[in-house]
Amino acid sequence: MRLTFKRIAPWLGLIFGIIISCGLTWFFNESPLHVLKILTTSFFNSKFDLGLTLFYTTCLIFSGLAFAIPMKAGLFHIGGEGQILLSALVAAYFGSAILPLDNSYSIIFSFLIITLITLAFGGLAALILAFFKLIRQAHEVVVAIMLNFIFAALTIWITVNHLQNPNSQNPETIPISHALQFLKNDFLKNYFDNSAVSSFLIIAVLSCIILAALEKKTLLGYQILAYGSNPHAASRIGISKTKILILCLGLAGIFSAFVGLTEVFGNTFQYKIGFSPQYGFLGIAVALLARQNFIGIIGSAFLMACLYKGASDLDLETNYLTRDFSRVLQALIIFSVAASYYLSNYKKTKSSIKIKKEEKL
């Protein structure tokens, strides 16, 4: 496969973002090389560290898929963060409200019901974007930004005023029922010294493989790609805009909801305000790094997880930097990767704008 600037541009953006981030540490009297070593090697210091990195990888795979699927249809979906928060709260509420009987059939049935409800909430939250785009021709980015704030405020209000755990001073819900905490004995969690990783990692990897197969082997997959390449031409050959928007954004909401399920049923077993280190926005960088390739998302998610794990250890391994520097790292990487993606598609973007202007005339 011939390497072109378009293929390597996101990786050049990633490298540029890491270099700039490490260079900034010089102003805090820290060695950039020492910080780079922490960022790139922290994940394999122990089994626990690797397990924690795989937990981040799981969440980033789901959030990467939530961005990549609409992107294939030409939609810039940045509403994943709000959908993650909302779905996690829904999972925690129903997980504490439903009390299954003390047998495996009841536990599995209850878990499946809660999973379906959570995925439905995530999908419906994303379909709000489709509704405004279809009915009001609103841009999905503008609507998604507003919904992120609305969902974040709503989850905080519900948690603090109605679902607050009376046994804790932290803003969090009560834990889910003890019977539904069966992933505490997950084989992955046990192998990685009781770290945050769980079997949701397997679901995330299988999702990538299944979506990659569906994209190449089904008519619907080609219709989504055709619509993303040229919506006007796609509509003229009978591809329904409504079907594409509902399907892509609905799936995006479902995979965002999987992040909430991973957190509530695989890690903390309750909803905690501020649990997400901006998974919804990190998923943008993950998807762009992989150029929306579903298999590639697995690798790019692991890479971003390693960087995030390393950044969160800075307060222990450096004198002046804290884990808050991870937000700077995230912002620079997302900005540089997105900028490189735009530059690599500059001619295509310019020509599409020209076509739209000519159609208006």
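# A guided tour of helix packing and aromatic pairs

Begin by selecting helix 12 (residues 279–289) together with helix 13, which pack at an angle of about 135° with their axes 8 Å apart; helices (H or I, at least four residues) and strands (E, at least two) are DSSP runs, numbered from the N terminus, and axes are lines fitted to C-alpha atoms, for helices over the stretch in contact, with angles running from 0 to 180 degrees between N-to-C directions. This is a predicted model, in which local features need pLDDT of at least 70 and side-chain atom pairs count only at pLDDT 80 or more, while totals for chains, interfaces and linings use all residues. Residues are numbered from 1 along each chain as its sequence is written, and side-chain values use heavy atoms, with hydrogens and water left out.

Helix 12 and helix 13 are therefore oblique to each other, given that angles under 35 degrees count as roughly parallel, over 145 as roughly antiparallel, 65 to 115 as roughly perpendicular and the rest as oblique. Helix 12 passes helix 13 in a right-handed crossing (right-handed if the near helix is turned clockwise from the far one by less than a right angle, left-handed if anticlockwise).

Next, show the aromatic rings: a search of the whole structure finds 15 aromatic pairs, where rings of Phe, Tyr and Trp (its six-membered ring) pair if their centres lie within 6.5 Å, and planes under 30 degrees apart count as stacked, over 60 as edge-to-face and the rest as tilted. For F43 and F302, the ring centres are 5.6 Å apart and the planes stand at 85°, so this pair is edge-to-face. Since F43 lies in the loop between helix 2 (32–41) and helix 3 (47–72) and F302 in helix 13 (residues 294–312), the pair ties together parts that are 259 residues apart in sequence. F43 is buried, with a relative accessible area of 16%, whereas F302 is partly exposed at 28% (buried means under 20% relative accessible area, exposed over 50%, partly exposed in between, with a 1.4 Å probe and protein chains only).

T53 counts as buried, at 0% relative accessibility, and touches F43, F302, A305, C306 and K309, not counting residues up to four places away in sequence.

Two lysines can be picked out next. K47 lies over the face of Y191, at 4.0 Å from the ring centre, and K184 lies over the face of F269, at 5.3 Å from the ring centre; a charge sits over a ring if NZ of Lys or CZ of Arg is within 6 Å of the ring centre and within 35 degrees of the ring normal.

Finally, turn to helix 4 (residues 80–97) and helix 11 (residues 241–268), whose axes come within 7 Å and cross at roughly 50°. That makes helix 4 oblique to helix 11, and the crossing is right-handed. Residues making the contact include G80, Q83 and I84 of helix 4 and A252, G253 and S256 of helix 11.

Within helix 11, select C248, which counts as buried at 0% relative accessibility. C248 touches I69, P70, A73 and I224, not counting residues up to four places away in sequence.

Note on methods
Contact = heavy atoms within 4.5 Å.
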